[in-house]
Amino acid sequence: MLGGCPDIGSFRFRFADQRWEWSDDAAAIYGYAPGQVEPSAELMQSHLHPDDRGRVAEALADAVETATPFCTRHRIIDTEGETHDVIVIGEQLFDEDGAVVGSAGYLIDVTATLEDNRQEALDDLLPDVIDARAVIEQAKGVVMFVYGVNADQAFRVLRWRSQETNIKIRTLAEQLIADVVAMGGALVQQRTRFDHLLLTLHERVRPSEPVMD
């Protein structure tokens with residue numbers, strides 16, 4: 001399982017037996033120490049904000065029935081009673097024969113908790129070149145629109161993909177803008193396609209652009 005990026009954890013969900021697996025980072029978002037509990041449908045549901053339970057259950061049921069990727073933005077309540085805004089992106093999980101057997105993806109905590117000094121540190125990561133700043137701002141705008149998050153949270157999503165793929169934020173931003181233009185609009189209706197683009201940006205970046213900003 002992938003992990004190692006604060007406020008972002010990975011998961012797998014297998015359709016046949018409704019079995020969940022999660023990374024230590026995902027467990028931490030819920031307030032659990034590594035290995036403290038085994039994730040389950042019941043445990044996950046118990047942490048859902050009451051107002052979001054129906055919508056999340058519907059999205060998951062549809063993913064199981066259709067064996068398609070899914071994405072939800074909802075609230076969870078951790079073990080300390082704190083509410084977190086999260087985005088869950090699930091891509092198809094295949095077995096060795098190529099059959100879809102579940103979902104695998106990421107849980108992204110986008111709760112607005114950045115302190116001023118931490119935000120300054122993030123700002124320092126942005127390139128000084130005006131053109132580079134512009135394309136990153138464009139990419140942030142796309143993420144803000146599609147997921148309904150603010151600018152800081154959108155940058156954290158882009159930074160996550162940079163850290164996971166070891167590719168510059170600027171390079172990923174350029175690729176994202178190019179991919180979105182190629183999609184031909186209707187972003188809200190094509191959110192599943194956008195999720196796939198976000199998770200596979202690094203596969204289309206030319207190999208001459210390693211290393212994060």
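**Figure 1. The surface of the protein chain.** The accessible surface comes to about 10,800 Å², and carbon and sulfur atoms account for 50% of it. Bear in mind as you look around that this is a predicted model. Of the 213 residues in the chain, 44% are buried.

**Figure 2. The order of helices and strands.** Here you can trace 8 helices and 5 strands. Starting at the N terminus, they follow the order β-β-α-α-α-β-β-β-α-α-α-α-α. If we take the contacts between residues at least 6 apart in sequence, 56% of them join residues at least 24 apart.

**Figure 3. The largest nonpolar core.** This core holds 32 residues, and Ile-108, Val-143 and Tyr-147 are the ones that touch the most other members. Two or more residues come from each of strands E4 (83–94) and E5 (100–109), and likewise from helices H5 (130–147), H6 (151–165), H7 (169–183) and H8 (191–204). Helix H5 is the top contributor, giving 7 residues.

**Figure 4. Confidence along the chain.** The average pLDDT is 80, and 80% of the residues score at least 70. Among the elements, helix H1 (residues 24–30) has the highest mean pLDDT, 94, while helix H4 (residues 116–125) has the lowest, 45. Residues 1–5 have pLDDT below 50, and this stretch makes 18 contacts beyond near neighbours in sequence. Residues 113–122 also stay under 50, with 11 contacts beyond four places in sequence.

Conventions. Residues numbered from 1 in each chain as written. Predicted model: local features only at pLDDT ≥ 70, side-chain atom pairs only at ≥ 80, totals over all residues. Heavy atoms only, no water. Helix = DSSP H or I, 4+ residues; strand = E, 2+ residues; numbered from the N terminus. Buried < 20%, exposed > 50% of the residue type's maximum accessible area, 1.4 Å probe, protein only. Contact = heavy atoms within 4.5 Å. Areas by Shrake-Rupley, 256 points an atom, 1.4 Å probe, with all protein chains shown as cover. Core = buried A, V, L, I, M, F, W, Y, C linked by side-chain atoms within 4.5 Å. pLDDT = per-residue confidence, 0-100.
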